[in-house]
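Hi everyone, and thanks for making time this morning. I'd like to walk you through some side-chain pairs and helix contacts in the model on the screen.

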Amino acid sequence: MSEFWLISAPGDKENLQALERMNTVTSKSNLSYNTKFTIPDLKVGTLDSLVGLSDELGKLDAFAESLIKRMAQSVVEVMEDAKGKVQENLLANGVDLASFVTRFEWDMAKYPVKQPLVSVVDTLAKQLAQIETDLKSRTTTYKTLKTNLENLEKKSMGTLFTRTLSDVVSKDDFVLDSEYLVTLLVIVPKPSYSQWQKTYESLSDMVVPRSTKLIAEDKDGGLFTVTLFRKVIDDFKTKAKENKFTVREFYYDEKEIKREREEMTRLLSDKKQQYQTSCVALKKGSSTFPDPRVKVTPLGNPARPAAGQTDRERESEGEGEGPLLRWLKVNFSEAFIAWIHIKALRVFVESVLRYGLPVNFQAVLLQPHKKSSTKRLREVLNSVFRHLDQVAAASILDASVDIPGLQLSTQDYFPYVYFHIDLSLLD
């Protein structure tokens with residue numbers, strides 16, 4: 001399971017023995033895998049400051065969790081066709097998330113323990129706020145790019161009546177720069193191909209004989225050219241419509257077609273660059289990356305290699321990440337690491353508030369083996385540590401709550417300090 005329970009109990013002899021009993025029972029019953037969760041000696045400060053921090057850390061915890069979920073979703077959106085490899089990119093300090101949590105070590109360089117707790121929390125809050133600001137900016141830019149590209153792609157995927165023709169026609173299909181002649185494009189239903197060939201020259205005066213050519217087809221019909229004198233355009237359109245032939249309003253403009261093709265190429269390149277570019281493969285967990293280098297493939301020839309580059313060179317070069325995916329990977333790691341530090345801070349603050357001074361508690365990380373065992377695991381924990389909160393335990397018994405098993409387990413009852421870490425939400 002990708003679920004963890006982070007608990008703490010006082011570090012005196014009685015409670016250390018209780019922890020040993022818990023480990024023995026959970027191990028024998030195959031309920032969970034337990035490891036010590038090391039939290040350094042932090043500056044306690046005043047009781048009032050701890051009470052204030054307790055509330056602030058709760059809000060910061062929820063914010064951090066929401067942020068990493070959004071970042072994980074952004075990775076899914078950016079990777080698109082490679083969604084099966086998303087988990088490979090959601091790492092913390094170069095390792096998978098579960099491994100990072102189970103092997104957690106406080107980062108003394110980022111969050112010095114000699115600083116007051118308020119300063120440590122402020123550092124974490126500012127770090128996460130900056131990541132969220134950058135995330136909004138970068139994802140907005142990417143979504144705008146994606147929308148523009150999708151709109152352009154839709155224009156090339158419609159029927160012959162609506163789709164763009166810039167990737168269908170060529171200069172050779174038209175009579176250009178003529179004072180008297182013009183080439184029209186006519187959409188003809190497939191069943192009417194024969195009729196078109198027999199009648200197009202007689203639909204109007206001044207139609208150039210043998211000037212028609214089929215240049216494109218879809219499932220319903222074909223796109224034909226026809227050349228005629230400019231002064232009979234209106235008459236030809238009327239007669240064509242009477243015969244259920246549709247003249248497509250299109251005049252060949254080389255500059256406009258070039259601009260449209262370049263726009264599609266640019267958008268495709270920009271979108272690809274955000275996810276993947278042909279650059280030296282980046283090492284997992286590295287926090288420094290080379291600048292991306294985009295190699296654009298001309299339209300109409302996607303398989304053409306970059307000039308001067310052999311297959312062997314491209315293969316050895318590998319595929320690296322584009323700037324958006326790279327930023328998401330690095331900052332997802334930073335945000336996740338910050339989130340687990342917040343969990344550690346919450347355990348510390350709540351343990352001091354509940355168990356008192358001097359600071360003496362033991363934090364333990366439990367990973368339930370399966371979902372069906374969590375209820376039994378809760379019952380074991382509540383039974384082992386019920387002495388930590390006799391008042392709460394008594395109130396439950398006085399209420400005559402019908403609880404199976406040990407009669408001391410409710411979903412909201414925790415005689416010990418407890419926090420939940422659910423990594424399955426990032427799957």
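Let's start with Arg376 and Glu379, whose side chains meet in a salt bridge at 3.6 Å, N to O. By salt bridge I mean a side-chain nitrogen of Lys or Arg within 4 Å of a carboxyl oxygen of Asp or Glu. Before going further, a word on what you are looking at: this is a predicted model, where local features need pLDDT of at least 70 and side-chain atom pairs count only at pLDDT 80 or more, while totals for chains, interfaces and linings use all residues. Residues are numbered from 1 along each chain as its sequence is written, and side-chain values use heavy atoms, with hydrogens and water left out.

Back to our pair. Arg376 and Glu379 are 3 residues apart in helix α11, residues 374–384, so about one helical turn separates them. Helices here are DSSP runs of H or I with at least four residues, strands are runs of E with at least two, and both are numbered from the N terminus. How buried or exposed is each partner? Arg376 is partly exposed, with a relative accessible area of 39%, whereas Glu379 is buried at 8%. For those words, buried means under 20% relative accessible area, exposed means over 50%, and partly exposed is in between, with a 1.4 Å probe and protein chains only.

How many salt bridges does the rule give here? The count comes to 16.

Here are two more of these pairs. In helix α8, residues 254–275, we find both Arg259 and Glu256, 3 residues apart, about one turn of the helix. Their side chains form a salt bridge of 2.9 Å, N to O. Arg259 counts as partly exposed at 43%, and Glu256 is partly exposed too, at 36%.

Lys59 and Asp55 sit 4 residues apart, so they are separated by about one helical turn. Lys59 counts as exposed because its relative accessibility is 59%, while Asp55, at 46%, is partly exposed.

Now to how the helices pack. Helix α2, residues 47–79, and helix α10, residues 323–355, have axes that come within 8 Å and cross at roughly 155°. That makes α2 roughly antiparallel to α10. The axes are lines fitted to C-alpha atoms, for helices over the stretch in contact, and angles run from 0 to 180 degrees between N-to-C directions. Angles under 35 degrees count as roughly parallel, over 145 as roughly antiparallel, 65 to 115 as roughly perpendicular and the rest as oblique.

Helix α10 also packs with α5, at an angle of about 150° and with the axes 10 Å apart. That makes α5 roughly antiparallel to α10.

To finish, a residue from a loop. Which loop holds Pro112? Pro112 lies in the one between α4 (97–102) and α5. With a relative accessible area of 26%, Pro112 is partly exposed. Pro112 and Leu42 are 70 residues apart in sequence, and 8.9 Å apart in space, C-alpha to C-alpha.
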